[in-house]
Amino acid sequence: MARGLFSMEHPWASAFGILGNIVSFLVFLAPVPTFLRVYRKKSTEGFSCVPYVVALFSCTLWILYALVKTNSSPLLTINAFGCAVESVYIVLYLAYAPRAARLRALASVLLLDVAAFSLVAGVTLLLVAEPHRVKVLGSVCLAFSMAVFVAPMSVIFVVIRTKSAEFMPFSLSFFLTLSAVAWFFYGLFTRDLYVTLPNVGGFFFGCIQMILYCCYRKPRAAAAVIILPTTTAATAAAQAAEMELPLAALDAAAVLPVLADLPVLADLQKLEEAMGSPRKAGIKAI
């Protein structure tokens, strides 16, 4: 039987689960300014829907994992929220995207969020014995999350090649590294390697990004694009063009407009605005 978000039997696991929920909640709300602009202008302005499709797939995988494992309320709640939010983003995108982009987005949804998820769920629930389902689903989630965490390498190479951190704001790297830390310790205290291991990668790449920022930062502010997932999902993989923030949840990052006066969240909002209009950053949309 699944317990609530906080359990006196496991106070540390509960505390880090709640922290992970809070951080991931803000990351999931990152695209809100972009989609408010889409709604006002009745146009998607050429940005890609792929990050939101990937984030939705990640959320559904982790929801299935949490349901099969049980006693995983923090994973279940944040990914259920992420699933709902990403679905709204995709619906808005389909409503205002040009016909060609709409068809590509719809194909992506059907291929990844419907067909791929149905295949994973069907094989796991129908062909895998119950004692092994957690292991199989956990392995799928782990593999998907690790694949998403490789994405920041493209941004790291750009920073090293150009000797400029304009594509990697410190506040965003710190914010998402905090998310990885929270979910790492949640997995550690609950003895869940499938949550712990992918966030080791998230913490590692986050630290590298912050170090590179300190080495190559410039006083002039610039728009930025980065790929990083949410911790559980990972918001994905992910949300831009060839360099996108998912996750997470990715999973992935501006936050609510009412919070934009905070330094960290203001930088995240600027990033999301840049992702919403790839032409501003000189990036070709997918």
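**Exercises on helices α3 and α4**

Helix α3 crosses α4 in a left-handed manner, meaning that the near helix is turned anticlockwise from the far one by less than a right angle. The model is predicted: local features need pLDDT of at least 70, side-chain atom pairs count only at pLDDT 80 or more, and totals for chains, interfaces and linings use all residues. Residues are numbered from 1 along each chain as its sequence is written, and side-chain values use heavy atoms, with hydrogens and water left out.

**Exercise 1.** Determine how α3 and α4 are oriented to each other.

*Solution.* Helix α3 covers residues 50-69, and its axis lies 8 Å from that of α4, at an angle of about 150 degrees. Axes are lines fitted to C-alpha atoms, for helices over the stretch in contact, and angles run from 0 to 180 degrees between N-to-C directions. Angles over 145 degrees count as roughly antiparallel. The two helices α3 and α4 are therefore roughly antiparallel.

**Exercise 2.** Locate Leu 76 and state which residues it touches, leaving aside its neighbours within four places in sequence.

*Solution.* Leu 76 belongs to helix α4, residues 73-96; helices are DSSP runs (H or I, at least four residues), numbered from the N terminus. With a relative accessible area of 28%, Leu 76 is partly exposed, a class between buried (under 20%) and exposed (over 50%), using a 1.4 Å probe and protein chains only. Beyond those neighbours, Leu 76 is in contact (heavy atoms within 4.5 Å) with Ile 63, Ala 66 and Leu 67. Tyr 65 is 11 residues from Leu 76 in sequence, and their C-alpha atoms are 8.6 Å apart.

Terms used: Angles under 35 degrees count as roughly parallel, over 145 as roughly antiparallel, 65 to 115 as roughly perpendicular and the rest as oblique.
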